[in-house]
Structure formats: structure tokens, C-alpha cells
Amino acid sequence: MEIRLDNVVKTFDTFRAVHGVSLTVQSGELIALLGPSGSGKTTILRMVAGLEYADGGHIYFGDQDATDIPVRDRGVGFVFQHYALFPHMTVGENIGFGMSVSKVKRSKAEIVARVNQLLKLVRLEGLGDRFPAQISGGQRQRVALARALSVDPKVLLLDEPFGALDANVRHDLRRWLREIHDELGITTIFVTHDQEEALDLADRVVILKDGKIVQQGTPQEVCRDPKNAFVLKFLGDANRLTGEVRDRQAHVAGVAVAAAEGVADGPAEIYARPRDLDWSAAGPGVPASVARVLDRPGERRVIATASTGEPLEFDVDAERDIFAGEQGFVTLRRAKVFALG
Ligand SMILES: Nc1ncnc2c1ncn2[C@@H]1O[C@H](COP(=O)(O)OP(=O)(O)OP(=O)(O)O)[C@@H](O)[C@H]1O
Ligand SMILES: [Mg+2]
């Protein structure tokens, strides 16, 4: 089912939370709505679900205006950030609940068979008789997904479903969700403020700020070509460098580092990822001293202080010897340049 938002607006009292968002989610696509807290992600999801009304614009399910479709007929499965399982029902009863109250009448045996099938899909076979308090947080979110899938939704809406879980569990569930999505092919909107989660999971990432879409594209498109400094910084660590544009090239510490097409000569915003910087004993580069070295598997994150006082962070290979207190130069492999403003 294709979902299309056309200039959708939402205002709470006098506060405009969503400012004319237009977005098409193709049938079977998994898109991530990514943005900081308060950027309107949940509000957009709730409008698609019909839990909130848009005060402007239109939402279409296929060719049909969703305004004309009652919430329970939208065929939407919803998973919330906070576990919303019924604590007094077993896992199996939680999963079966939607079917037992659905307009589509199913026999008890049919519901049991479907619950077992869903338990298998979310890899929780054998846990159907436990209560939510007797399973882990990650397992609870898998139950929530099974419950959302129980009524064969045409659209799956996931609002930070893994937000409360620890990093390892999140990582595993992300891969798992993508597999389930690919198996079922359900049109899915996944809300997160975690850029890595969005980039890992989604076919397309939609970046929101203050209730507006700033950029949308495949993970590769938004990573390679962030439209502005907000997107660049939101997608990952970045150093802001002091420099200027001359003759369509960005110059930092006396070295030309990047083409700056379309950016006027003069001061500009110049950014480099930690992997775009390196360290050398001799210049040219930004004179700096190493403040700290943080070891990680496969690489070392170096926190240096430029002679101008600005902090610079870069990554080097795990084998590289580099010490706190060392003096040298931060060199640049590449940078991204934006016009000021
Ligand atoms: N019922 C409401 N009444 C008034 N303001 C609201 C209401 N719901 C949301 N807002 C405001 O609308 C804005 C967008 O909220 P929303 O919950 O959509 O953000 P979000 O992107 O989901 O943030 P988070 O990442 O923190 O969940 C926020 O400024 C919020 O305070
Ligand atoms: Mg939210």
C-alpha cells in the first residue's frame, strides 16, 4: 500500500508541530523518519495511523484520502516506544488480542494457529504462555511487533520501537526487523532519532527538523551528499574547521582541501568527518596537540586541540602509535563545504 502525505500540517493550540510535510512511501518500502526530539516524528506517525487529525493537507492510502477511512479500517499496525503489552495477558494472548476483537471473525483454533505462526516469525516459539514481566525488553518488543502484525496490516508504523533497549539488543533487532520486513514486504514507516539505526534499516531516510523535511534520500545519498550542515552533523560526528573559500576551493590552514562549487568566495562552513582527518608530525595542516586517545575495536579516536583552541576529533588505525601531549598537525583528506547561513 502506497502512503502519500501531501502538504500535511499539524498545529497544537498555537504551536505548529508539522509544517507542510509532503512525502511518498512506496508500497513495500521501509522508510525511516529521522530527526531530533520534538521534530514532529511521532506526530506524523500518529496522523498516518489516524490517532491525530491533520489540520491541513491530505494523507492518501493508495488512491484513497485517509480522512474517509475510519481508523480501524486503515489496516495499520503500530508499535510504540514504550512497551504497551497488556501485563495481565500472556504473550500469546497479547498477540491474539487484535484478532479476537477484529471485525474479521476467526475461530479459537484459527487464532491459536495464527499466534503460533507469529511466535515463530518473531522467533519466540515456546514463550507464548509467559507473561510480559517474565520476558526481556527485547523479547517484549518482538511480541509488540507480532501483535501489530497479527491483523495483517497493510502498513506498519514503528515509533522508536527499540529506543528503550541497550545497544547490542538494538543492533540485533534492527537486522531482524529488516529480515522480517523483506519477508513480508509491508510498507513500513520507522521513527527514530538514532542516525545509525535509520541508515542501517531504511531504504530511504527522511530527515526532519522543526516539523519540516530537510532532506530525503537513500542512506548513501544523504551520507554522501548532505544538503546542509544540520544534516551532516545529525548523521554523524563532524569537525567544523576554520577556513575560507577562494577560487572555488576551500582552504584550511593554508591548504586547499575541497572543491566548493556554488559557494561564494570568503568565509564558509567547512566540515570534516573524523575519518577525513589525519595526523602528521610535519605540516602542512592545522597545528595541534593530542589531548586524549580513546581506543575502540579496530580504531582509535584522537581528541586534539588546535593551536586556535578548537577541538578536533579524528580516527586512526588501531595499530597507530599516538600519545597524549604529542604535538603535530591535523591534515585533511577531504571536507564538505557549505555557504554560510
Ligand atoms: N498533544 C500535544 N499538545 C501540544 N504539543 C504537542 C503535542 N504533541 C506533540 N506536541 C509538540 O509537537 C512537537 C513535535 O512532537 P513529536 O512528539 O511529534 O516529536 P518527536 O519528533 O516524536 O520527538 P521525540 O524524539 O522526543 O519523540 C513537540 O514540540 C511537542 O512538544
Ligand atoms: Mg516521538
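Biologist: Which side chain meets that of Asp315 in a salt bridge?

Modeller: A salt bridge is a side-chain nitrogen of Lys or Arg within 4 Å of a carboxyl oxygen of Asp or Glu. The side chain of Asp315 meets that of Arg301, at 2.5 Å from N to O. This pair links distant parts of the chain, with Asp315 in strand β20 and Arg301 in strand β19, 14 residues apart. Helices (H or I, at least four residues) and strands (E, at least two) are DSSP runs, numbered from the N terminus.

Before we proceed, please note that this is a predicted model, in which local features need pLDDT of at least 70 and side-chain atom pairs count only at pLDDT 80 or more, while totals for chains, interfaces and linings use all residues. Residues are numbered from 1 along each chain as its sequence is written, chains are lettered from A and ligands numbered from 1 in the order in which they are written, and side-chain values use heavy atoms, with hydrogens and water left out.

Biologist: Are Asp315 and Arg301 buried or exposed?

Modeller: Buried means under 20% relative accessible area, exposed over 50%, and partly exposed in between (1.4 Å probe, protein chains only). Asp315 and Arg301 are both buried. In the protein, buried residues make up 48% of the 341 residues.

Biologist: How many salt bridges does the count come to?

Modeller: The count comes to 26 salt bridges. One of them joins Arg178 to Asp203, the closest N and O atoms being 3.1 Å apart. That pair also links distant parts of the chain: Arg178 is in helix α5, and Asp203 is in the loop between α6 (195-201) and β9 (204-209), 25 residues apart. Asp203 counts as partly exposed because its relative accessible area is 28%. Another salt bridge is formed by Lys209 and Asp210, at 4.0 Å from N to O. Here Lys209 is partly exposed, with a relative accessible area of 34%, and Asp210 is exposed, at 52%.

Biologist: Which residues are linked in a network of salt bridges?

Modeller: The network links Arg170, Arg174, Arg175, Asp194, Glu196, Glu197 and Asp200. Arg170 lies in helix α5 (residues 167-184), and Arg170 is buried because its relative accessible area is 12%. Contact means heavy atoms within 4.5 Å. Leaving aside neighbours within four places in sequence, Arg170 is in contact with Phe162, Gly163, Leu165, Thr192, Asp194 and Glu197.

Biologist: How should I read a helix, and which residues of α2 are buried?

Modeller: An α-helix has 3.6 residues a turn, so residues three or four places apart point the same way. In helix α2 (residues 91-101), the buried residues are Val91, Gly92, Asn94, Ile95, Gly96, Gly98 and Met99. Their cover includes α3 (108-121) and α4 (137-149).

Biologist: Which residues form a nonpolar patch on the surface?

Modeller: Patches are made of residues with over 30% relative accessible area and no salt bridge; like charges are joined within 9 Å, and nonpolar side chains (Val, Leu, Ile, Met, Phe, Trp, Tyr) within 5 Å. Accessible areas come from the Shrake-Rupley method with a 1.4 Å probe, and for residues only the protein chains shown count as cover. Leu51, Tyr53, Val71 and Phe80 form a nonpolar patch, with about 370 Å² of accessible area together. Tyr53 lies in the loop between α1 (41-49) and β4 (56-61), and Tyr53 counts as exposed because its relative accessibility is 57%.

Biologist: What should I look for in the backbone?

Modeller: Most residues other than glycine have a negative phi, and most peptide bonds are trans. Asn7, in strand β1 (residues 3-12), has a positive phi of about 55 degrees although it is not a glycine. Asp13 also has a positive phi, of about 50 degrees, and Asp13 lies in the loop between β1 and β2 (15-25). The peptide bond from Gly283 to Pro284 is cis, with omega near -5 degrees. Pro284 lies in the loop between β17 (277-280) and β18 (286-296).

Biologist: How many helices and strands does the protein have?

Modeller: The protein has eight helices and 22 strands. Its C-alpha atoms fill a box of roughly 75 × 45 × 35 Å, taken along the principal axes.
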